[in-house]
Amino acid sequence: MRSVHPLIGRRQRRPERVFPTARPTRPYARERPTVTGVRTRPNPIQWFWYAMGGGLPRHLSPWVLADTTRRTWIWRHLARAVVQMLPLVAICLLAVPVPLSYRVSAAVGGLMIGLLFSMAFMTETIEHRARKAGYPPGAAARLRAERAERERVERKSAYRKDGAGSFD
């Protein structure tokens, strides 16, 4: 469609829209719909299933890779481990017929031992999650190593790459 430019008076072609303009329901929303309208993050039920060890649909594979390679991947892994242990902790606290102090100490002790074992097998678990999402073995470790190397180079460089000024 063509329109007349108000100052020049000649016809000018309007730029065509390539992507639909989908506005989030709240300003500065963290999650924006993609071109296809598919969510880029799992909903709470899908995340719970993922935290319990289940797989996610293929369109969420990039999110799984990002989840396993972000700077906070260790904290995310520990959060998933706590979610996995919550039913046992709840049973310890609510269903065992002993005094409360024993129940609390058993629940906290079990949680600590569970987190210890979870941390012992953290990298294997993360790699398994990335493989289940369709990535080749070692992809998550390679991306984390590349990010660490990039950050190390930026720290050692004479001038910052992601900020104004220098280290002088």
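**A nonpolar patch and a buried arginine**

Helix α4 contributes the largest share of the nonpolar patch, four residues. The model is predicted, so local features need pLDDT of at least 70 and side-chain atom pairs count only at pLDDT 80 or more, while totals for chains, interfaces and linings use all residues. Residues are numbered from 1 along each chain as its sequence is written, and side-chain values use heavy atoms, without hydrogens and water.

The protein has six helices and two strands, in the order β-β-α-α-α-α-α-α from the N terminus. Helices (H or I, at least four residues) and strands (E, at least two) are DSSP runs.

On the surface, L93, L94, L100, V104, V108 and M112 form the nonpolar patch, with about 550 Å² of accessible area together. Such patches join nonpolar side chains within 5 Å, from residues with over 30% relative accessible area and no salt bridge; areas come from the Shrake-Rupley method with a 1.4 Å probe. Both α3 (73–94) and α4 supply at least two residues of the patch. M112, in helix α4, is partly exposed at a relative accessible area of 47%, where partly exposed lies between buried (under 20%) and exposed (over 50%).

R103 also belongs to helix α4 (residues 100–120). R103 is buried but has no salt bridge, that is, a side-chain nitrogen of Lys or Arg within 4 Å of a carboxyl oxygen of Asp or Glu. The nearest side chain of opposite charge, D67, is 33 Å away. A polar atom of the R103 side chain lies 3.1 Å from the backbone oxygen of V98.

How values were computed. Buried means under 20% relative accessible area, exposed over 50%, partly exposed in between (1.4 Å probe, protein chains only). Lys and Arg count as positive and Asp and Glu as negative; His and the chain ends are not counted. A polar contact is a pair of N or O atoms within 3.5 Å; within protein, one must be able to donate a hydrogen and the other to accept it, and residues adjacent in sequence count only if both atoms are side-chain atoms. Patches are made of residues with over 30% relative accessible area and no salt bridge: like charges are joined within 9 Å, nonpolar side chains (Val, Leu, Ile, Met, Phe, Trp, Tyr) within 5 Å.
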